[in-house]
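Let's walk through this model together, one question at a time. Please have a look at the sequence and structure first.

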Amino acid sequence: MSREVSRFGTGRGTPRLRFPGGRGSGLAAGFTGGHRKPRRVAMLSVHTSPLHQPGTGDAGGMNVYIVELARRLAEINIEVEIFTRATTGSLPPVVEMAPGVLVRHVDAGPYEGLCKEDLPAQLCAFTHGVMQAWAGHRPGYYDLVHSHYWLSGQVGWLAAQRWGVPLVHAMHTMAKVKNAALAEGDTPEPAARVIGETQIVDAADRLIANTAEEADELVRFYEADPASVAVVHPGVNLERFCPGDGRAAARARLGLPQDALIPLFAGRIQPLKAPDVLLRAVAVLLERDPSLRSRIVVPVVGGPSGTGLAKPEVLHKLAARLGITDVVRFQPPVGQDQLADWFRAASVLVMPSYNESFGLVAIEAQAVGTPVVAAAVGGLPVAVRDGVSGFLVPGHEPEAYALALERFVRAPELVGRMGAAAAEHAQSFGWGTAAAATADVYTGAVQDHRRRVRSRQRADS
């Protein structure tokens with residue numbers, strides 16, 4: 001895959017994507033040119049720290065995205081300072097996460113006891129902390145603001161205007177999209193978030209979408225200017241997520257049987273991610289073929305998050321009610337290296353999510369050589385090649401997922417064949433490609449911003 005930055009044509013309505021070629025090719029007008037890229041970017045991640053372990057609380061794919069993107073931007077000489085809310089008093093004000101990447105902890109509200117829904121009331125305090133850090137620098141210290149998620153976008157909107165620099169924003173998830181495909185038992189996103197996201201879409205110089213579908217949703221649901229939307233696929237750490245020493249060795253390390261069918265769920269446990277669909281599908285499988293019980297293990301790796309925090313025991317109770325507690329193994333969140341081992345050990349990763357802006361976990365699993373069974377929603381049709389690196393399932397009926405898993409039962413060789421295709425597919429999603437594309441978006445935003453400033457200056461003179 002070539003570096004994938006797309007620009008929409010002008011005007012409202014359904015956008016037309018233009019895909020550039022390799023590194024030497026020019027992008028659509030306004031995104032590149034012979035202009036220098038930013039030297040230093042203020043990156044905002046209010047509600048979740050890049051230092052937190054994914055799979056816990058609100059930490060997930062966005063954490064991985066910010067960490068990997070920041071590292072790779074630094075490698076191409078764009079310094080990154082990440083502002084995030086301090087969640088404990090023992091944190092130092094500034095942490096060097098990697099050469100060229102600083103994490104700044106901002107005091108905003110009590111360290112503990114605040115959930116994501118409480119944070120809008122702390123945005124003023126967070127903004128104050130960001131402005132304090134900026135005040136200690138010379139004018140023009142930051143060339144651009146890149147905010148992640150709507151809470152950060154509200155702060156980024158003000159910071160970019162105050163500093164006279166462009167704002168680039170990544171939604172990651174959108175309230176209107178989530179509310180349109182709400183999981184059973186999940187809570188709708190509040191109107192305040194919808195209003196906040198609408199304001200950010202209007203204020204941002206550039207909006208980065210993970211996929212063409214997400215870009216289209218920005219236009220359809222939020223009336224984003226198509227000319228301001230760029231598509232940049234997230235990446236995967238191909239050094240960490242690789243086949244390694246293989247499935248058998250990973251199973252031995254994790255104490256898993258060598259000959260078992262192992263459908264894995266890995267991620268935050270909340271209705272949006274639908275781990276219950278996997279458990280129900282396994283119950284259907286066992287009802288159809290009771291002999292499978294002795295040769296199936298279902299690991300669920302992750303911790304409760306979002307609305308799942310209200311009922312952290314719900315999956316355990318469901319497994320008991322379905323009569324499958326003997327085959328389900330609940331595992332707490334693990335670090336990235338051990339997560340790669342869980343992916344290697346699995347026969348297949350199952351992602352029945354109701355919405356995924358992209359689905360980094362799907363690419364990570366494929367990169368180690370594990371096929372994926374996923375819902376055909378959001379960015380998952382981009383992340384998974386249906387029928388090649390895995391299977392896409394329309395809807396969320398457990399029977400449909402049971403049928404997909406049954407294909408691996410009936411033809412065990414599918415695991416190896418699809419796994420090899422999955423590893424090849426994942427090679428096109430390196431973070432270096434994503435960082436280079438993001439740098440081009442930055443360059444275009446800076447170029448356009450300067451052009452507007454010069455135009456205003458001429459008009460005022």
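Helix α10 (residues 336-345) packs on helix α11 (residues 360-367) at an angle of about 65 degrees, and their axes are 9 Å apart. The model is predicted: local features need pLDDT of at least 70 and side-chain atom pairs count only at pLDDT 80 or more, while totals for chains, interfaces and linings use all residues. Residues are numbered from 1 along each chain as its sequence is written, and side-chain values use heavy atoms, with hydrogens and water left out.

Q: Are α10 and α11 roughly parallel or roughly perpendicular to each other?
A: Axes are lines fitted to C-alpha atoms, for helices over the stretch in contact, and angles run from 0 to 180 degrees between N-to-C directions. Angles under 35 degrees count as roughly parallel, over 145 as roughly antiparallel, 65 to 115 as roughly perpendicular and the rest as oblique. The angle here is about 65 degrees. The two helices α10 and α11 are therefore roughly perpendicular.

Q: Which residues of α11 meet α10?
A: Contact means heavy atoms within 4.5 Å. From α10, the residues taking part are Q336, L339 and F343, and their partners in α11 are V361, E364 and A365.

Q: How do the residues of the contact of α10 with α11 divide into nonpolar, polar and charged?
A: Ala, Val, Leu, Ile, Met, Phe, Trp, Tyr, Cys and Pro count as nonpolar, Asp, Glu, Lys and Arg as charged, and the others, Gly among them, as polar. By that scheme the contact of α10 with α11 holds four nonpolar, one polar and one charged.

Q: How many helices and strands does the protein chain have?
A: Helices (H or I, at least four residues) and strands (E, at least two) are DSSP runs, numbered from the N terminus. For the protein chain they come to 15 helices and 15 strands.

Q: Is A346 buried or exposed?
A: Buried means under 20% relative accessible area, exposed over 50% and partly exposed in between (1.4 Å probe, protein chains only). A346 sits in the loop between α10 and β13, where its contacts beyond four places in sequence are R247, R251, I262, L264 and T370. Because its relative accessibility is 1%, A346 counts as buried.

Q: How far apart are the end C-alpha atoms of helix α13?
A: The expected span is 1.5 Å times one less than the number of residues. Helix α13 (residues 398-410) has 13 residues, so it should span 18 Å. The computed distance agrees, at 18 Å.

Q: Which elements do the buried residues of α13 pack against?
A: The buried residues of α13 are P398, Y401, A402, A404, L405, E406 and F408. They pack against β10 (263-266), α8 (275-288), β13 (348-351), β14 (372-375), β15 (390-393) and α14 (413-426).

Q: Is A274 buried or exposed?
A: Most residues other than glycine have a negative phi. A274 has a positive phi of about 55 degrees although it is not a glycine, and its place is the loop between β10 and α8. Its relative accessible area is 0%, so A274 is buried.

Q: Is E223 buried or exposed?
A: E223 also has a positive phi, of about 55 degrees, although it is not a glycine. It lies in the loop between α6 and β9 (229-232). With a relative accessible area of 59%, E223 is exposed.
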